[in-house]
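Which contacts deserve a look in this model?

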Amino acid sequence: MQPRNMSMSGVVDLAAVKAAGEAKAKAEQARAEAARQGGSAAVPPSALVIDVDEAGFERDVIQRSAEVPVVLDFWAEWCEPCKQLGPLLERLAVEYNGRFLLAKIDVDANQMLMQQFGIQGIPAVFAVVAGQALPLFQGAAPEAQIRQTLDQLIQVGEERFGLTGLTVDGDADGADSPQRPAGPYDGLLEAAMSALDAGDLAGAVQAYKNVLADDPAHPEAKLGLAQAELLSRVQGLDPQAVRKNAADKPDDVAAQIAAADLDLVGGHVQDAFGRLIEAVRRTAGEDRDAARVRLLELFEVIGGDDPRVTAARQALARVLF
């Protein structure tokens, strides 16, 4: 089970939870022990997001996953999509009020963990539930889809393992807790995310465009716009008809572009890139330019730091030059 990027439906596959019976027994044993010791104490909201390293992984992730699903955010300082996804996950961890714990792992400082999880690109998000690891998604994604993924994860934790989460003391951090200052575009970005949650893709697109009209290089707005426009393009399409049309008309650039959009939304990133690179190779003039431009737009959806984008850029350059 390795869902990627835009494809998050069914991301938490119960069949992927290995040794579920054993893990459930261990989780129940850990909760019973905690109850004998007086139960788990309430934690402040600031404790819902933690930094984890290799030395503390067993204690901070494996052991904690017996009482709450632990979401792992693999990131690095140089990763631009990480700077967009990380704050979103942190905000959701506080909003979900103890239903999951967010553990942030700097891959540059924890290479062994990165290798153990088989991570090929970041940001990459996993979960650990009752000691069992689940891949969630790789790359940034719209908030609405991340919420859906988290809801499924929490449901698995509750129904499969009886994880009830952490008790949060909302007053524990006190009035002196640092508050993130509101940014100049927070209202517009919040409007975009609200529109996505409501299924108003046109409204989301416009909200992101409003940010970019004033700040053309704004990274979160650029990523959000690329994703919202992609979702708008595939909305209402008949996937079977689109794929048949693309198969029947390999030289029809419009057919290949539509199929590539569906490939990406379905999580088949390399298929989408390969399809458009081949379209660029086979065509000329306006058709070639249309395929190239759409490919560059799909790069924006995934993020320039992703190794699949790097490889596709190199392949595109070989075709063009």
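Setting aside neighbours within four places in sequence, Arg294 is in contact with Arg233, Ile257, Asp261 and Leu276. The model is a predicted one. Arg294 sits in helix α12. Its relative accessible area is 16%, so Arg294 is buried, the cut-off being under 20%. One of its contacts is polar: the side chains of Arg294 and Asp261 come to 2.9 Å.

The axes of helix α8 (residues 219-234) and α12 come within 8 Å and cross at roughly 120°. The two helices are therefore oblique to each other. Their crossing is left-handed. On the α8 side, the contact uses Lys222, Leu223, Ala226, Gln227, Leu230 and Arg233. On the α12 side, Arg294, Glu297, Leu298, Glu300 and Val301 take part. By class, the residues of this contact are five nonpolar, one polar and five charged.

Helix α12 has another packing partner. How far apart are the axes of α12 and α13? Helix α12 (residues 285-302) and helix α13 (residues 307-320) have axes 10 Å apart, at an angle of about 165°. That angle is over 145 degrees, so α12 is roughly antiparallel to α13. The crossing of α12 and α13 is left-handed. From α12, the residues in contact are Arg288, Arg292, Leu295, Leu296, Phe299 and Ile302. From α13, they are Arg308, Val309, Ala312, Arg313, Leu316, Val319 and Leu320. The contact of α12 with α13 counts nine nonpolar residues, four charged and no polar ones.

| Helix pair | Axis distance | Angle | Source of contact |
|---|---|---|---|
| α8 and α12 | within 8 Å | roughly 120° | helix axes |
| α12 and α13 | 10 Å | about 165° | helix axes |

Next comes another arginine. Arg147 lies in helix α5 (residues 143-161). Is Arg147 buried or exposed? Its relative accessibility is 17%, so Arg147 counts as buried. The side chain of Arg147 makes a polar contact of 2.8 Å with the side chain of Glu143. Beyond neighbours within four places in sequence, Arg147 is in contact with Arg91, Leu92, Glu95, Tyr96 and Asp197.

Some backbone details follow. Asn97 is not a glycine, yet its phi is positive, at about 55°. Asn97 lies in the loop between α3 (80-95) and β3 (101-106). With 46% relative accessibility, Asn97 counts as partly exposed. Ala130 is not a glycine either, and its phi is positive at about 50°. Ala130 is placed in the loop between β4 and β5 (132-138). Its relative accessibility is 10%, so Ala130 counts as buried.

Where is the cis peptide bond of Pro123? The bond joins Ile122 and Pro123, with omega about 0°. Pro123 belongs to the loop between α4 (111-116) and β4 (124-129).

Another proline sits in a helix. Pro239 is found in α9 (residues 239-248). At 44% relative accessibility, Pro239 counts as partly exposed. Pro239 and Asp263 are 24 residues apart along the chain, and their C-alpha atoms are separated by 9.6 Å.

Finally, the chain as a whole. How many helices and strands does the chain have? Its secondary structure comes to 13 helices and five strands. The chain has 321 residues, and 48% of them count as buried. Among contacts between residues at least 6 apart in sequence, 72% join residues at least 24 apart.

How values were computed:
Residues numbered from 1 in each chain as written. Predicted model: local features only at pLDDT ≥ 70, side-chain atom pairs only at ≥ 80, totals over all residues. Heavy atoms only, no water. Helix = DSSP H or I, 4+ residues; strand = E, 2+ residues; numbered from the N terminus. Buried < 20%, exposed > 50% of the residue type's maximum accessible area, 1.4 Å probe, protein only. Polar contact = N/O pair within 3.5 Å; in protein donor to acceptor, adjacent residues only side chain to side chain. Contact = heavy atoms within 4.5 Å. Axes fitted to C-alpha atoms, helices over the stretch in contact; angles between N-to-C directions. Parallel < 35°, antiparallel > 145°, perpendicular 65-115°, else oblique. Left-handed = near helix turned anticlockwise from the far one by under 90°. Nonpolar A, V, L, I, M, F, W, Y, C, P; charged D, E, K, R; others polar.
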